[in-house]
Amino acid sequence: MDFSRVQWKWLLFFFFLLLVVEIKGENEDKKQIYVVYMGSVSPDSSKDFLRESHLQLLGSVLKRGEKAENILVRNYKYGFSGFAARLSEAEALALKRKPGVVSVFVDPVYKPHTTRSWDFLQNYVEIDSRPNSDSTPPATADTIIGLLDTGIWPESESFSDNGFGPVPSQWKGICMKGSNFTSSNCNKKLIGARYYATDEAPFARTFGSNTNSARDEEGHGTHTASTAAGNSITGASYYGLASGTAKGGSTGSRIAMYKVCSSVGCPGSQILAGFDDAVADGVDLLSVSLGASAFFRPDFSEDPIAIGAFHAVAKGITVVCSAGNDGPTASSVVNAAPWILTVAATTIDRYFESDILLGGNTSAIKGEAINFSTLDKSPNYPLIDGGSAKSNSSDVASASHCEPGTLDGSKTKGKIVVCKHSQSDTSKTIKFEALKDSGSIGTIFANDMETYVASSYNTFPVSEITAQAANDVFSYINSTKNPVATILPTITVTKFKPAPVIAYFSSRGPSAQTRNLLKPDIAAPGVNILASWIPTSTGVPNGQNPSQFNLVSGTSMACPHVAGVAATIKAWNPTWSPFAIRSAIMTTATQANSDKAPLMTVSGSAATPYDIGSGEVVPTTALQPGLVYDMTTRDLLLFLCNYGYSSSKISLISNSTNGYSCPSNSSINLISDLNYPSIAVSALKQNEVRTVNRVVTNVGAQDDTVYTASVNSPTGLDVRVVPNKLKFSKSYKSLGFQVLFSVKDSSLQGDLFGSITWSDGTHTVRSPFAATTAG
């Protein structure tokens with residue numbers, strides 16, 4: 001049978017439609033893990049009842065004959081209600097429309113935000129308000145810090161239980177047995193450990209090969225746990241660098257590890273499971289050094305950390321989170337929900353110097369890096385810049401930055417190579433590994449900006465220099481026929497100034513989710529922090545045993561510093577809410593460095609609340625804040641109203657018995673009225689008067705005391721506090737005031753920063769503010 005051209009076209013079109021239908025069917029049947037969040041747990045609901053109700057709901061959207069038990073990955077039943085299951089897109093959409101469901105979202109994969117730091121915090125600022133030295137401190141051993149992380153190395157000396165008493169009676173958790181981990185690995189210090197096996201249900205994803213144990217295979221969890229609450233260990237160092245005493249912020253606290261991460265990330269379904277178990281186990285605080293990227297920032301109701309933290313805080317558990325490592329980009333801060341204590345990162349007064357010596361008896365050029373170079377200390381090694389070593393197929397610009405594939409290996413072999421480096425380049429690790437593989441004997445990175453972060457290159461000679469110092473190196477190369485150099489091994493320089501400086505990588509405000517909430521909240525050391533690590537054979541200098549410690553940077557490292565401080569405050573004040581603890585930390589922070597000058601960024605500009613929140617944490621003064629800005633869960637529900645959530649959605653989140661009704665005047669601007677220790681107002685018009693309400697509670701030793709307000713604001717922004725005096729007594733422990741903002745100068749544009757400080761002569765209670773003009 002012959003077909004006409006038209007008939008052939010129709011036949012081909014028919015086959016095309018069949019193909020489209022087949023592909024569509026395959027996509028519809030394709031399943032992946034979704035999280036189904038259903039809000040708070042009813043007090044009268046048993047865990048068995050919740051599981052059955054979850055299975056019934058799940059079964060209502062499945063095809064006939066498909067069993068809900070076979071696709072359920074895990075269910076949440078202690079701190080909040082919900083489950084994770086392997087679903088098709090159509091099934092997920094069907095569940096989203098079911099009554100009682102707050103949100104349904106694809107299981108996201110988050111990432112970890114990867115001695116002397118505590119001594120530095122205690123000593124760099126003069127403390128005028130300390131607890132009575134004659135008083136006996138409370139039993140900090142009764143506070144339990146839970147960590148959601150990559151696991152823990154239980155054999156570390158940081159987690160020895162020598163000298164510890166019985167496990168606190170509030171603890172209801174377990175020590176899960178797994179591969180390379182038994183119940184005997186827990187003790188009276190490390191009182192609990194859980195992991196979230198990937199084979200709990202059919203179809204569950206496999207995240208790495210070492211997930212079936214609470215043992216840490218990455219090092220990150222061991223580092224953060226020892227920073228928060230590790231024992232005091234003398235003689236700690238990283239192969240002789242940063243030698244001294246390594247200790248946690250609350251050495252007497254107990255530790256519970258919830259392994260929610262592996263080598264490839266932290267699934268949201270496992271993060272939620274960690275939060276859920278931690279609530280049931282009885283932790284006092286949670287330290288969470290992980291989060292989403294600034295480029296993927298889900299709504300609060302679809303963010304596993306925001307969801308888990310909300311219900312943990314509602315149960316009285318303080319949740320401390322890292323701010324993220326996507327700085328210095330504006331609005332890159334994550335973990336910015338108002339129930340989370342969000343931590344930025346700063347440097348300390350320690351510098352890891354690796355100098356460069358050039359031929360011709362020139363003075364040493366100061367560099368920064370961590371390396372254990374075995375090169376001769378005399379400059380005998382040929383030196384070449386990347387641009388001069390370009391391959392025939394590459395351009396000079398790319399080669400000068402030593403981008404992979406742009407250099408001729410025959411020109412770099414046996415030489416030290418100078419590479420320009422910008423923040424947008426391929427990572428330095430990839431660059432130096434490529435140079436090492438091609439036979440180069442060392443690398444000098446000429447950075448386009450000062451970072452104050454010493455990257456670790458182990459035994460390969462690498463140093464990093466500033467652009468200004470690089471000019472001297474390039475001048476020497478260009479003026480010398482046979483340039484030579486050497487790279488010296490790293491030495492530790494202490495009492496380095498200025499310190500602290502805001503880490504360049506620390507994520508910045510304002511919050512992209514709401515401009516009427518100031519984030520981050522606080523800053524703490526997060527650069528080259530020495531803490532416990534897992535044994536490793538990688539990068540061990542010749543003749544040495546693997547180090548039990550490591551130097552690591554990130555807001556991941558800053559977070560447990562604040563968790564340790566929060567644990568100490570909780571021990572001294574066991575009845576305080578998470579909001580009161582946060583307030584104590586924020587309102588007593590310092591904004592000055594060790595030179596008593598304002599805190600700065602690495603670029604040399606003055607730090608703003610978008611960089612540091614309230615400032616650098618001061619552990620001792622946080623124990624006696626004088627006044628606190630306290631809240632309850634109802635304040636958070638009102639925030640959600642003003643944020644734009646419906647009354648029905650909030651009713652599910654809060655499990656309100658008779659439903660929850662948002663006020664009729666709910667508005668995004670009223671978020672500024674949340675009783676937060678800092679203040680943010682946005683879209684402020686000229687001559688408009690914006691009123692913000694606050695309430696403070698006297699927690700000082702004196703019932704009868706008077707606090708007076710002072711304001712620091714830029715010229716042209718009128719800020720008034722009404723009343724400007726608060727008289728507290730035994731009968732009036734909590735008093736309210738208003739702050740009135742008004743722009744008087746039309747030339748003022750953008751973000752305006754200042755502060756409001758209450759003082760009674762003994763305590764200083766400071767709240768930063770950020771006012772953003774309209775237009």
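**Close-up views of a predicted model**

**View 1. The loop that holds Asn 687.** Asn 687 is part of the loop that runs between strand S32 (679-684) and strand S33 (690-698). In this predicted model, the residue has a positive phi of about 70 degrees, although Asn 687 is not a glycine.

View 2. Phi at Ser 331 is positive, at about 60 degrees, although the residue is not a glycine. Ser 331 belongs to the loop between strand S14 (318-322) and strand S15 (341-346).

**View 3. The cis peptide bond between Lys 497 and Pro 498.** Lys 497 and Pro 498 are joined in the cis form, with omega at about 0 degrees. The loop between strand S25 (491-494) and strand S26 (501-502) contains Pro 498.

**View 4. The cis peptide bond between Val 722 and Pro 723.** Here omega is about -10 degrees for the cis bond that links Val 722 to Pro 723. Pro 723 is placed in the loop between strand S35 (717-722) and strand S36 (725-728).

**View 5. The largest nonpolar core and the surroundings of Leu 286.** This core comprises 63 residues, and those with the most contacts inside it are Phe 275, Leu 286 and Trp 339. Helix H8 (residues 304-314) makes the greatest contribution to the core, with seven residues. When neighbours within four places in sequence are set aside, the contacts of Leu 286 include Gly 146, Leu 147 and Leu 148, together with Phe 275 and Ala 278. Ala 312, Ile 317, Thr 318, Val 319 and Val 320 are also in contact with Leu 286. A separate core of 50 residues lies apart from the largest one; among its members are Cys 186, Ala 228, Ala 229 and Ile 585.

**View 6. Pro 525 in strand S27.** Strand S27 (residues 522-525) includes Pro 525. Pro 525 has a relative accessible area of 0% and is therefore buried, the limit being under 20%. Its C-alpha atom is separated by 33 Å from that of Ile 416, a residue 109 positions away along the chain.

**View 7. The whole chain, for context.** The chain contains 17 helices and 39 strands, and 58% of its 775 residues are buried. Its radius of gyration is 28 Å, in agreement with the value near 28 Å for a compact globule of 775 residues. The C-alpha trace spans about 100 × 85 × 65 Å along its principal axes.

Terms used. Residues numbered from 1 in each chain as written. Predicted model: local features only at pLDDT ≥ 70, side-chain atom pairs only at ≥ 80, totals over all residues. Heavy atoms only, no water. Core = buried A, V, L, I, M, F, W, Y, C linked by side-chain atoms within 4.5 Å. Buried < 20%, exposed > 50% of the residue type's maximum accessible area, 1.4 Å probe, protein only. Helix = DSSP H or I, 4+ residues; strand = E, 2+ residues; numbered from the N terminus. Contact = heavy atoms within 4.5 Å. Rg over C-alpha atoms; globule rule 2.2 N^0.38 Å.
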